[in-house]
Amino acid sequence: MSPILECRDLCFSYHSAEGETEALRDISFTVFPGTFTAIVGPSGCGKSTLLSLLCGLIPPERGEIISDHTHIGYMLQRDHLLEWRTVYENAILGLEMQHQCTEENLQFVRQMLTAYGLADFADAKPSALSGGMRQRAALIRTMAIRPDLLLLDEPFSALDYQTRLEVADDIGSLIIQSGKTAILVTHDLSEAISLADRVIVLTRRPAEIRCILPLDFEEERTGPRLTSLERRNSPSFPPYFQRLWKEVRHL
Ligand code: ADP
């Protein structure tokens, strides 16, 4: 299977009047279709910068990103729903911006609203939605453009702890069921272990790759993939947490 994305020796620094801030140094990794990669690292190490490079918002200073016309969807910390538009109008925003409001695509959005339990709120304003429902609406908006690769930048961090667990489980399951390739940036080690196939640990700024930890849950070898809540209750979970904790606390 050929990779959906390959980063080779990515380097990036910000330049301002105050000087240079080196954010990324020699970042290399490969992403295969249908996989879920989590990226963890201390706050300010360069995680968002890396995502900005991956989606082409900023070019790398050195190194290269190889992706064969990969269509990328980006989900951010805040849901950025427009309060004056209905849930449906928010969901089709990406399609509108890309001039892709075909009947087929609009039908796809309506199907997702139903599948994600938001059909009854299609004509409501986002203010009528709970935090979790808002994230679902944001996910539909992202999925509507049918991305090959989803970039998720701490998409649950604006939620309170309990909601965050539920929404991460919920959105994580929807993404995994969709078979999409995803890269999730988070500073929450448990969240990374509960959702991903592997975790890339970044060092303090300038971010370098400290290690890549593949996650292999015994129960998933013979059965279906566990939900994130099931993973948190698996006996494989604590050893992975301890391993990651050891990596990040010595950064
Ligand atoms: P993270 O997502 O891991 O918290 P970021 O990628 O946002 O980290 O930032 C990495 C470093 O680059 C930080 O030290 C931050 O202050 C700096 N930085 C981010 N954006 C800019 C910018 N536009 N100009 C200058 N420095 C920036």
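Reply: Two strands are said to pair if DSSP finds at least two bridges between them. With that in mind, and remembering that the model is predicted, we can begin with the sheet in which strands S2, S1 and S4 follow one another in that order. This sheet is open and has three strands, and their pairing is antiparallel. In general, the strands of a sheet are joined through backbone hydrogen bonds, and the pairing may be either parallel or antiparallel.

Strand S2, residues 19–31, and strand S4, residues 62–66, are the edge strands, each of them pairing on one side only. If direction is ignored, neighbouring strands of the sheet are turned against each other by 25 degrees on average. Strand S1, which covers residues 5–16, pairs with S2 in the antiparallel sense over nine bridges. Looking along this pairing, you will find Phe 12 standing opposite Leu 24, which belongs to S2.

From the sheet we can turn to Glu 208, which sits in the loop between strand S8 (198–202) and strand S9 (209–214). Apart from its neighbours within four places in sequence, Glu 208 is in contact with Arg 25, Ile 27, Val 201, Leu 202 and Thr 203. Its relative accessible area is 32%, and Glu 208 is therefore partly exposed. The C-alpha atom of Glu 208 lies 16 Å from that of Leu 54, although 154 residues separate the two along the chain.

Leu 54 brings us to helix H1, residues 47–54, which is mostly covered, since seven of its eight residues are buried. Leu 54 is one of the buried residues, and others among them are Lys 47, Thr 49 and Ser 52. After H1 comes Gly 56, whose phi is positive, near 85 degrees.

Helix H4, residues 103–115, packs against helix H5, residues 131–144, at an angle of about 150 degrees, and their axes are 10 Å apart. Angles over 145 degrees count as roughly antiparallel, and so H4 and H5 are roughly antiparallel to each other. The crossing in which H4 passes H5 is right-handed. On the H4 side, Phe 108, Val 109, Met 112 and Leu 113 take part in the contact, and they meet Ile 140, Met 143 and Ala 144 in H5. Sorted by class, this contact has seven nonpolar residues, with no polar and no charged ones.

Methods. Residues numbered from 1 in each chain as written. Predicted model: local features only at pLDDT ≥ 70, side-chain atom pairs only at ≥ 80, totals over all residues. Heavy atoms only, no water. Axes fitted to C-alpha atoms, helices over the stretch in contact; angles between N-to-C directions. Helix = DSSP H or I, 4+ residues; strand = E, 2+ residues; numbered from the N terminus. Parallel < 35°, antiparallel > 145°, perpendicular 65-115°, else oblique. Left-handed = near helix turned anticlockwise from the far one by under 90°. Contact = heavy atoms within 4.5 Å. Nonpolar A, V, L, I, M, F, W, Y, C, P; charged D, E, K, R; others polar. Buried < 20%, exposed > 50% of the residue type's maximum accessible area, 1.4 Å probe, protein only.
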